[in-house]
Amino acid sequence: MDTLNCLSRVLLLVVVFSFGQRSQVSGIVLDRVYVHIINELGPYQKLTFNCKSADDDLGRHVLNYKDFYTWSFYVNFWDLTLFWCNFEWEMSKGKKIDGSFDIYDAQRDQDRCDNQCAWRIQRKGLLSFNSNKFSWERIYRWPIPDAELP
């Protein structure tokens, strides 16, 4: 009787937590998410970055102008998957620009970009494609005034 009572409680908790989830729970559906980063800073402009999650460090990468980098993963059951990236580029001789941004946040991005999240890294900020609106949106600006940008 004790085992049955314990199992019924566990089942009840699973049902309660299931209703708290969105209809698309990647941990159940097993959709792989792809994140694409494209360097659009300008000709001869290199973009250096390192992306991480709580579980993964994707390492340091350097992209030439118009090159891209892609990686994929599965969103965890609780929709808490988060990847952040540290970006750096040289605005002018000796003047480096850097910033850290949440490049994938499951709670923000599952509905906004589905399983293909594309980012255009530009001088005025980071643009992300919103598949619902079928348009690019500036999500982040570099941590410097626009007036200082060339």
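Buried means under 20% relative accessible area, exposed means over 50%, and partly exposed lies in between, using a 1.4 Å probe and protein chains only. At 54% relative accessibility, Trp 78 therefore counts as exposed. The model is predicted, so local features need pLDDT of at least 70 and side-chain atom pairs pLDDT 80 or more, while totals for chains, interfaces and linings use all residues. Residues are numbered from 1 along each chain as its sequence is written, and side-chain values use heavy atoms, without hydrogens and water.

Trp 78 sits in the loop between β4 (68–74) and β5 (82–92). Strands here are DSSP runs of E, at least two residues long; helices are runs of H or I, at least four; both are numbered from the N terminus.

Now go inside. The largest nonpolar core holds 30 residues. Such a core is a set of buried Ala, Val, Leu, Ile, Met, Phe, Trp, Tyr and Cys residues joined through side-chain atoms within 4.5 Å. Ile 37, Trp 71, Phe 87, Ile 103 and Tyr 104 have the most contacts inside this core. β1 (32–39), β2 (47–52), β4, β5, β6 (95–105), α3 (106–113) and β7 (116–122) each supply at least two of its residues. β5 gives the most, with five.

Aromatic rings come next. The whole structure has 15 aromatic pairs. Rings of Phe, Tyr and Trp (its six-membered ring) pair if their centres lie within 6.5 Å; planes under 30 degrees apart are stacked, over 60 edge-to-face, and the rest tilted. Phe 49 and Phe 87 have ring centres 5.7 Å apart and planes at 35 degrees, so this pair is tilted. The pair joins strand β2 to strand β5, across 38 residues. Both Phe 49 and Phe 87 are buried. Phe 73 and Phe 83 are also tilted, because their planes stand at 40 degrees, with centres 4.6 Å apart. Phe 73 lies in β4 and Phe 83 in β5, 10 residues apart.

Charges complete the tour. There are eight salt bridges (a side-chain nitrogen of Lys or Arg within 4 Å of a carboxyl oxygen of Asp or Glu). Arg 108, Asp 109, Arg 112, Lys 133 and Glu 137 are linked in a network of them. Asp 109 and Arg 108 have their closest N and O atoms 2.7 Å apart. Asp 109 is buried, at 0% relative accessible area; Arg 108 is partly exposed, at 25%. Arg 112 bridges to Glu 137 at 3.9 Å. Arg 112 lies in helix α3 and Glu 137 in strand β9 (residues 135–140), so the pair ties together parts 25 residues apart in sequence.
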